[in-house]
Structures are given as structure tokens and as C-alpha cells.
Amino acid sequence: MYDSDKRKLLSALCHGAIFFSTAVVSVGLPIAILFVSDDPVVKSNAKESINFHFNVWLYGGILGALLFLTGWLLLPLVVLLPLAGLGYLLHWGLTIWALTHVFSNPDQPFRYPFIFRVL
């Protein structure tokens with residue numbers, strides 16, 4: 001049997017790492033927890049967090065490339081910038097959803113919807 005409070009804390013750190021840094025910490029902290037913890041739920045939450053942040057980086061890179069390539073047109077102002085705002089809302093909203101799930105259901109790993117999983 002695993003400690004529920006420790007499980008909540010480590011799982012919340014995995015998903016909430018984005019609030020500390022969007023670059024290194026958002027993936028580095030879940031990777032460290034993945035290697036340190038022996039709890040299967042914490043490991044699953046760490047993998048899911050890593051996958052989610054890689055998805056966010058990928059979609060951000062695609063959106064950035066589209067903005068760069070079409071920067072000379074008014075298209076970014078009309079279409080892509082609202083999508084970027086929607087992306088931020090989804091990113092933060094899904095992260096907060098993951099955190100509330102971790103605290104309310106500590107024995108069940110959280111799964112982000114609509115992402116591809118590398119790990």
C-alpha cells in the first residue's frame with residue numbers, strides 16, 4: 001500500500017510543474033519523479049505529464065511556424081492569434097483539471113484527452 005499524501009504530492013508536482021517554468025522544470029520535474037518514485041500511479045501521472053507538455057510544445061512550435069511563415073499577411077491577426085489564446089486556455093485549464101483530479105482521486109492516474117503519447 002502506498003502513502004496517499006505522498007502520492008498526491010508527487011502527482012500534483014508532476015502536473016503542476018508548468019506553474020514553475022514552461023521550459024526545463026515542466027518536463028524535468030516529472031522525469032525526476034518518474035525515476036525516483038516506485039508508486040505506479042505516480043509513475044503513470046509523471047509519464048502523462050511529460051506527454052502532455054511535449055504535445056503543448058509541439059503544437060506551440062507548429063503555431064509559431066505558421067505565424068512566422070504567414071507573418072506578412074493579416075491571417076495571424078484574424079485566425080491564428082485567437083487560436084493561440086485558446087491554446088493557453090486549454091493548456092492551463094487541462095493542467096488545473098489534472099490537479100483537481102489528482103487531489104480528488106489519488107488512486108487513479110489522470111489521462112489528458114486528445115494527446116498522443118510517446119511514453
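What share of the contacts in the protein with a separation of 6 or more comes from residues 24 or more positions apart? The figure is 65%, where contact means heavy atoms within 4.5 Å. This is a predicted model, so local features need pLDDT of at least 70 and side-chain atom pairs count only at pLDDT 80 or more, while totals for chains, interfaces and linings use all residues. Residues are numbered from 1 along each chain as its sequence is written, and side-chain values use heavy atoms, with hydrogens and water left out.

**Overall layout**

- The protein has four helices and zero strands, and from the N terminus on its elements run α-α-α-α.
- Helices here are DSSP runs (H or I, at least four residues), strands are runs of E of at least two, and both are numbered from the N terminus.
- Of the 119 residues in the protein, 36% are buried; that word means under 20% relative accessible area, with exposed being over 50% and partly exposed in between (1.4 Å probe, protein chains only).

- H1 has 13 residues and reaches 18 Å from its first C-alpha to its last, close to the 18 Å expected at 1.5 Å a residue; the expected span is 1.5 Å times one less than the number of residues in the helix.
- On H1, the buried residues are Arg7, Leu10, Ser11, Ala12, Cys14, His15 and Gly16.
- H2 covers residues 25-36, and its twelve residues should span 16 Å at 1.5 Å a residue, which agrees with end C-alpha atoms that are 16 Å apart.
- Ser26, Val27, Pro30, Ile33 and Leu34 are the buried residues of H2.
- Looking down the axis of H2, those buried residues fall within an arc of 130 degrees, so they line one face of the helix; the arc is taken from the directions running from the helix axis to the C-beta atoms.
- As background, an α-helix has 3.6 residues a turn, so residues three or four places apart point the same way.
- The buried residues of H2 pack against helix H1 (4-16) and helix H3 (40-69).
- Over on the other side of H2, Phe35 and Val36 are exposed.

**The largest pocket**

- The largest pocket holds about 660 Å³ of space.
- Of the 23 residues that line this pocket, Val56, Tyr59, Gly87, Tyr88 and His91 are the closest to its centre.
- H3 and helix H4 (75-104) are the elements that give two or more residues to the lining.
- How does the lining of the largest pocket divide into nonpolar, polar and charged residues? There are 17 nonpolar, six polar and no charged; Ala, Val, Leu, Ile, Met, Phe, Trp, Tyr, Cys and Pro count as nonpolar, Asp, Glu, Lys and Arg as charged, and the others, Gly among them, as polar.
- Grid points are joined across faces, edges and corners, and the volume is the space filled by probe spheres set on the points.
- Histidine 91 sits in helix H4 and, at 10% relative accessibility, counts as buried.
- Not counting residues up to four places away in sequence, histidine 91 touches Ile18, Phe52, His53 and Val56.

**The loop between H1 and H2**

- Phenylalanine 19 is in the loop between H1 and H2 and counts as partly exposed at 38% relative accessibility.
- Leaving aside neighbours within four places in sequence, phenylalanine 19 is in contact with Trp92, Thr95, Ile96 and Leu99.
- Phenylalanine 19 and threonine 95 are 76 residues apart in sequence, and 9.2 Å apart in space, C-alpha to C-alpha.

**The segment after H4**

- Proline 113 belongs to the segment after H4 and is partly exposed at 26% relative accessibility.
- Leaving aside neighbours within four places in sequence, proline 113 is in contact with Leu94 and Trp97.
- Phenylalanine 114 is also found in the segment after H4, and with a relative accessible area of 82% it is exposed.
- Phi of phenylalanine 114 is near 60 degrees, a positive value in a residue other than glycine.
- Leucine 119 lies in the segment after H4 and counts as exposed at 52% relative accessibility.
- Leaving aside neighbours within four places in sequence, leucine 119 is in contact with Lys47, Ile50 and Asn51.

How values were computed. 1 Å grid on protein atoms, 1.4 Å probe; cavity = no way out; pocket = protein on both sides within 12 Å on 5 of 7 lines; lining within 4 Å.
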